[in-house]
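This briefing covers a few local features of one protein chain. Keep the sequence and the model in view while reading.

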Amino acid sequence: MDSHEDREEKETSMRKKVWVSVLCAAMVMTACGGAKDAGNGAGGQDAGAATTAAAEQGAGGAAEETKAEAGADAGEKKTLVLSTYGLSADISEEEVYTPFEEKYNCEIVTDVGGTNDRYTKLAADSQSTIDVIELSQAMTAKGFAEGLFTDIDVSKLENAADLIDVAKAMAEDGQGVAYTINSIGIIYNPAAVDIEIKSYDDLWDPSLEGMVAIPDITTTFGPAMVYMASDHAGVDVESDQGEAAFKALAELKPNLVKSYAKSADLINMFTSGEVSVALVGDFGVPTILAANPDLVYLSPEGAYANFNLISITKNCQDLDLAYAYLDYRISAELQTKTGKALNEGPTNSKVVFTEEEASSMTYGDVAAKAKSLDYGFVNGVLDNWIDQWNRTINN
């Protein structure tokens with residue numbers, strides 16, 4: 001994980017190297033895409049201009065070279081600042097970042113953290129140096145509503161034609177580009193329960209009293225729990241703003257042990273026997289099963305899905321490189337690798353996995369039948385839902 005201070009030190013060092021190269025080689029050293037200070041996006045452009053002006057004076061005519069030629073001669077690298085999740089950082093570095101850096105002669109500087117923390121930091125910093133950001137579907141919708149992102153030009157994405165229909169529609173609407181799909185399923189210990197769990201409705205079975213854990217309302221799949229409870233009640237959640245859902249959640253409460261904030265917490269909860277059944281996003285399933293191989297995971301028909309999307313920020317310093325990264329992330333080649341290495345359900349329709357490879361992934365029929373939440377609606381009622389959730393579940 002690179003802090004702001006680490007990135008500032010790296011890029012300051014890079015500018016010093018450029019300055020030395022200019023004086024020694026007597027040629028233009030213009031930072032490709034604009035030199036960028038990790039702490040100040042606007043100041044980065046001034047630094048690039050100052051470097052160019054000084055180079056013209058010292059080079060005496062070498063300024064006729066293009067930026068690309070100067071950068072290539074000096075081996076200078078572009079920089080893409082990526083705000084992303086911190087999970088499986090080593091795998092992401094090997095499978096995702098390094099190949100892209102080698103192909104585009106650039107450096108990816110990552111700013112990692114949880115969805116809410118990274119979003120809040122971006123929204124609060126009008127001079128943010130973040131170029132592209134990976135967020136959940138809910139936070140992406142919020143960011144577009146608040147004007148934090150640039151509308152996506154699908155014509156610049158060669159691989160967009162291969163996206164599954166719902167992901168393609170998101171991109172065409174100008175939203176972020178969906179690079180992975182996940183869904184919420186049920187994981188349980190068959191030796192500890194008296195019923196065979198087949199559907200979400202089974203969670204309300206009285207035999208599961210004091211056995212169930214569900215994601216908290218503030219997590220990725222928290223709002224999906226409200227949708228799911230409304231389905232159990234037989235009511236369209238948007239028709240009554242979730243009223244029937246919270247009545248159903250109150251009926252579920254005797255079966256609940258707790259609501260959790262991180263899927264990783266379930267490992268110890270299952271190991272200790274604190275819980276026997278849990279609702280969980282499929283992205284957390286491999287690590288839970290690795291620690292507790294006797295557990296069973298199923299994705300019931302009509303599972304609720306969530307997309308992770310990549311968006312280009314308003315402050316992006318290199319749009320061409322940003323679009324190249326977006327297109328790379330939705331390529332069949334990369335999504336085949338990340339699907340196997342990171343259990344990321346693909347949004348590229350040309351990706352093919354075996355049944356075993358896709359056993360805990362939103363893929364194929366599971367993806368085709370998955371339900372999508374309307375975050376335009378959810379974000380408008382979420383504060384009210386959080387309040388009701390705390391009074392119903394967490395009191």
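Contact means that heavy atoms lie within 4.5 Å. Buried means a relative accessible area under 20%, and exposed means over 50%. The model is predicted.

**Helix α7**
- Helix α7 spans residues 165-172, and Ala167, Met170 and Ala171 are buried in it.
- These three cover an arc of only 95° around the axis, so they sit on the same side of α7.
- An α-helix has 3.6 residues a turn, so residues three or four places apart point the same way.
- Asp165 and Glu172 are exposed on the other side of α7.
- The cover over the buried residues of α7 includes α6 (137-145), β4 (177-188) and β9 (304-312).
- After α7 comes Gly174, with a positive phi near 90°.

**Arg329**
- Arg329 belongs to helix α12, residues 319-329.
- Arg329 counts as buried because its relative accessibility is 5%, and the cut-off is under 20%.
- Leaving aside residues up to four places away in sequence, Arg329 touches several residues, among them Glu134, Tyr179 and Glu344.

**Two asparagines with positive phi**
- Asn105 is not a glycine, yet its phi is positive, about 45°.
- Asn105 lies in the loop between α4 (89-104) and β2 (106-112), and it is partly exposed at 33% relative accessible area.
- Asn343 also is not a glycine and has a positive phi of about 55°.
- The loop between α13 (332-342) and α14 (365-369) holds Asn343, which counts as buried at 11% relative accessibility.

How values were computed:
Residues are numbered from 1 along each chain as its sequence is written. This is a predicted model: local features need pLDDT of at least 70, side-chain atom pairs count only at pLDDT 80 or more; totals for chains, interfaces and linings use all residues. Side-chain values use heavy atoms; hydrogens and water are left out. Helices (H or I, at least four residues) and strands (E, at least two) are DSSP runs, numbered from the N terminus. Buried means under 20% relative accessible area, exposed over 50%, partly exposed in between (1.4 Å probe, protein chains only). The arc is that of the directions from the helix axis to the C-beta atoms.
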